[in-house]
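Q: Can we go through the salt bridges in this one? Start with what counts as one.

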Amino acid sequence: MNTLILQTTSRFLFTLLLLLSIFLLLRGHNEPGGGFIGALVAVGAYALYALAHGLSAARQLLPLPPLRLVGLGLLIALLSGLVGLLNQQPFMTGVWFKVLGLKLGTPVIFDIGVYLTVFGALLSAIFALEESAKEVR
Amino acid sequence: MIGAVLIAFLGALLAPWVERNLKQANWVLALLPLGLTIYFASLLPAVLEGAPLRHSVDWVPTLGVRLSFYLDGLSLLFALLICGIGTFIVIYSGGYLKGHPDLGRFYLIILLFMASMLGLVLADHFVTLFVMWELTSLTSYLLIGFNHREFRSRRAALQALLVTAGGGLALLAGLILLSGMAGTPYLSELPALQQHPLYLSALVLVLLGAFTKSAQFPFHFWLPNAMEAPTPVSAYLHSATMVKAGVYLLARLQPSLGSSEVWSSVLMAFGLVTLLTGATLTFRHTDLKRLLAYSTVAALGALVFAIGLVPLTSYYGAVGFATFLLAHSLYKGGLFMAAGAVDHEAGTRDIHQLSGLFRVMPITGVAVGLAALSLAGLPPVLGFIGKEVLYMASLQAAPAWMVGLAVLGFAVGATLATLLVVPFFRGQPPEGVHEGSPSLWLGPLVLAGLGLLVGLFPGLYNPLADAVASAVKGKAVEYHLKLWPGFNLALLLSLLTVLLGLGLYFLYPRLWAWMATDPLPGPENAYNALLRGLMRLAVGLARLLQNGSLRAYLVWTFAGLVGLVGLALLPKGLAWPQGAAPLKPALGLLVGLMLLGALAALRLRSHLGMVVVVGIVGAGVALLFLLQNAPDLAITQFLVETLTAILIALVLLQIPRLGRVPPGRPLDKLVALAFGGLITLLMLHMLGQPIAPHLSRFFAEKSLPEGFGQNIVNVILVDFRGLDTFGEIAVVGLAGLGVYALLRRRKEEH
């Protein structure tokens, strides 16, 4: 879809939506939001960009192929659960610590894992569908 | 001890890295099993003094499961065999699979197997035992199917897995039953259970596990097929160690389950039948590895027979078991490795095509000669002593006809030994064949040499043999192992065995021509029929349920859901919500809009239009959430609606020339109505249930102080119920992978 309006606005919207998605992810612990919701917004951003500028352009904006992001997300989620084991606590026990006055905990890291997994899985499906849709046309 | 098992597992994980970065990786990796062998050898004095070692840590404390290990004579013999033979197997693999692209993976799996097998024989808690037991089945599956591009390898791997893991399920049930009966999960604390009312059921289950693992009749067929594996695997798993796991378990449980008529008669009968089956089928083959595999089946039968004799004899049964076990592991491991070396150098394993090998492969020849002496049960090697004590045990307790059959079974061992040695001495050596590298002959030579050493000086093994026999017998056994027992009936039987074996050797060409022609019917046919039936059922079901029409899929799914949920719910009666709040005007307007959207979806005949109006319903639900103070749900609902619209639009683009939506058929309408009705009823039913307030109160109270978050929904997702979320995102990830794979596959088919 190479309309000028969509191509121009999608650039702004892409950045805005990504910012919003990260905002939602990080504030999730105290306000409405979280990894799952943040990931959905990010998928929307990429889907929009792909519609306006084509798949390969959208792919270039990804740090890793989507399926790798799935693996990375699952790994992060798993590792965040293992931290508690070091304190002789059961798997997935939350551990909290302060970094530069900011309160961080393994549940937040776990949420980042959720974010990456959901984002990667959905985006991979959307990209794959778009790719084969292009072939049919 | 726990450290030893852990180091074995960790070392295995490092193996691919070592293989990539070091030239002579096999010699370096062999240090791991070698070090473990030295460690276990250093525990010998303590164990021989009669004090078993124990060690355990909490594993799953909430279930009372402990990672516990127990070392007595029986475990120690197995541990030494596993690590000692493992050392030579690792060295041998480097020579045998030299330059194989997947060598790193091979080391990884074979060392993982070693660690699991070690865990199995040291396990005290039954859960530890079972987990290790299954790990050996899994690693064996991966190793048999190592050449996974070959159909035969894959088939053999699957067969071995289905048979042994099927037995493993029975074993799990048996172990649970046993620990319940005994009131303790520790194998070392099991009391005598012969009088318990559940004794027979537990016995049958345990026997199923042991017999499948140790390839007893009628489950023996998987073992010869497993010879598709690379030779180091056959030498290690399928002769010296894994197939003895079943035998180990029987020996371990002998004190608490033995001493009953059923035990002895079942074990002796199955052992003898297996011995004879292995012996008879030997005559059908000329492939070195297959010949050795059938002889392994026969030896496993002999070991089970020996365990059956333990409660009936004073101590011959237990000592015979201890001696023959070591003898067989040494000579069979060596013979397999030597067979692989011959195959590697001469390019064939067919005994009819091999000749004059001794002149070109003298070291391998010496190893085969010594091992064959043991196999034939001739002095002065350990195999002779082992067989001798077994004969004494059978003479003491078994009826004469059983002794006769056992002699016949062992005679075939002598025949096979002759068959193996002859190609080394008869005929001309083949062109261009020479001795392999040291890694190929070191293992066979050392193992066969040990057989000779212990045969000449049985006193070396005597203390450990006593300890093993005591563990199997359940009380202290002292026996003096001798190479020359003097003239007695057992010696006469040995002489008879050898003569009979030689006679069969001269009959061999005729027997082979007679037996090798037709495929024999056997229990493998039953296995194949079962598998075929299962496949046919699956294909039939798939044709019926997944015929390629999306409509049919939906009808089956919805009808199935309505049927199952309706059947489960309706007989109990449905609850009705009590005291509903009056409808607010804003809500009423929203619901009206949603109803309109739903009705429009029924009337519209354009696909895209339907997506839009269904979207109205979805957006309405999101607004509803918002009005009811559930912003989290509202955001999620909105986003899911948006992405669903994108996904559906993409799918619609894929379907060429879609046309208009056809009108619904009566059956479809009926199913749709039933499904919608069921969901409505379910919702009302849920509203009518009393909500357990303590849960929401718990989360509301604990969210901030213990989860450090004000958003209760999020804290539940990532903290309180984090494990559930982890499972869910794993499913999401797999679904993404599935979509990708499906679309990729379609692309390749085009």
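A: A salt bridge is a side-chain nitrogen of Lys or Arg within 4 Å of a carboxyl oxygen of Asp or Glu. This is a predicted model, where local features need pLDDT of at least 70, side-chain atom pairs count only at pLDDT 80 or more, and totals for chains, interfaces and linings use all residues. Side-chain values use heavy atoms, leaving out hydrogens and water; residues are numbered from 1 along each chain as its sequence is written, with chains lettered from A and ligands numbered from 1 in the order written.

Q: How many salt bridges over all chains?
A: The structure holds 11.

Q: What does Asp287(B) pair with?
A: Arg349(B), with the closest N and O atoms 2.9 Å apart.

Q: Switching to Asp668(B): which residue does it meet?
A: Arg665(B), at 3.2 Å, N to O. Salt bridges that share partners also join Asp287(B), Asp343(B) and Arg349(B) into one network.

Q: Back to Asp668(B): buried or exposed?
A: Asp668(B) is buried, at 15% relative accessible area. Arg665(B) is partly exposed, at 45%. The cut-offs are under 20% for buried, over 50% for exposed, and partly exposed in between (1.4 Å probe, protein chains only).

Q: And Asp102(B), what does its side chain meet?
A: Arg105(B), in a salt bridge of 3.1 Å, N to O. Asp102(B) is partly exposed at 26%, and Arg105(B) is partly exposed at 34%.
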